[in-house]
Amino acid sequence: MVLLEFAMSPVGHGESMSRHVARIIDLIDRSGVPYQLTPMGTILEGDWEQVMGVVTDCFRALQADCPRISMNLKLDYREGSDSRLRSKIDAVEGHVGRKLRT
């Protein structure tokens, strides 16, 4: 099971990226892969082929009209685990002893 966090944006398309981010998020949402949107990126959860396929689809969507694309990607693989999007937060909250305001 993979947790993958990434942020992708075109370079040279002005200051606001929300229009391009919306195109990517629409693809992610339609993919069926569990995800969490954050202000600085998006976290995907699934097997290697699923999450890398979504990242590739997002890249191809921007590549169609963006000659330069910047991407940050961070990945954590753990054999056999699932539902880590929530379980990792639950584990930290258990150590803190309370629900966090995330």
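A residue counts as buried here when its relative accessible area is under 20%, as exposed when it is over 50%, and as partly exposed in between (1.4 Å probe, protein chains only). Helices (H or I, at least four residues) and strands (E, at least two) are DSSP runs, numbered from the N terminus. What you have is a predicted model, where local features need pLDDT of at least 70 and side-chain atom pairs count only at pLDDT 80 or more, while totals for chains, interfaces and linings use all residues. Residues are numbered from 1 along each chain as its sequence is written, and side-chain values use heavy atoms, with hydrogens and water left out.

Let's start with strand E3, residues 41-46. Six of its six residues are buried, so the rest of the structure largely encloses it. In a regular strand, side chains alternate between the two faces of the sheet. In E3, Gly-41, Ile-43 and Glu-45 point one way, Thr-42, Leu-44 and Gly-46 point the other way, and all are buried.

Now for the neighbours of E3. Two strands are taken to pair if DSSP finds at least two bridges between them. Strand E1 (residues 2-10) pairs with E3 in the antiparallel sense over five bridges, and Leu-4 sits opposite Leu-44 of E3. Strand E2 (residues 35-38) is also joined to E3, by four bridges, and the two run antiparallel; here Leu-37 is opposite Thr-42. The link from E2 to E3 is a hairpin through two residues.

Next up is helix H1, residues 18-31. Its 14 residues reach 20 Å from the first C-alpha to the last, close to the 20 Å expected at 1.5 Å a residue (the expected span is 1.5 Å times one less than the number of residues). Its buried residues are His-20, Ile-24, Ile-25 and Ile-28. Looking down the axis of H1, you find these buried residues within an arc of 130 degrees, so they line one face of the helix; the arc is that of the directions from the helix axis to the C-beta atoms. They pack against E1, E2, E3 and helix H2 (48-63), with contact meaning heavy atoms within 4.5 Å. On the other side of H1, Ser-18, Arg-19 and Arg-30 are exposed. After H1 comes Gly-32, with a positive phi near 85 degrees.

That leaves the charged pairs. Side chains of opposite charge can pair when their charged atoms come close. A salt bridge here is a side-chain nitrogen of Lys or Arg within 4 Å of a carboxyl oxygen of Asp or Glu, and a search of the whole structure turns up seven. One of them joins Glu-5 to Lys-74, with the closest N and O atoms 3.3 Å apart. This pair links distant parts of the chain, since Glu-5 is in strand E1 and Lys-74 in strand E4 (residues 69-77), 69 residues apart. Glu-5 is partly exposed at 26% relative accessible area, whereas Lys-74 is exposed at 55%.

Being four residues apart in the helix, Arg-30 and Asp-26 are separated by about one helical turn. Arg-30 is exposed at 66% relative accessibility, and Asp-26 is partly exposed at 37%.

Lys-88 and Asp-76 form another salt bridge, their closest N and O atoms being 3.7 Å apart. Lys-88 lies in helix H3 (residues 84-96) and Asp-76 in strand E4, so the pair ties together parts that are 12 residues apart in sequence. Finally, salt bridges that share partners join Arg-86, Asp-90, Glu-93 and Lys-99 into one network.
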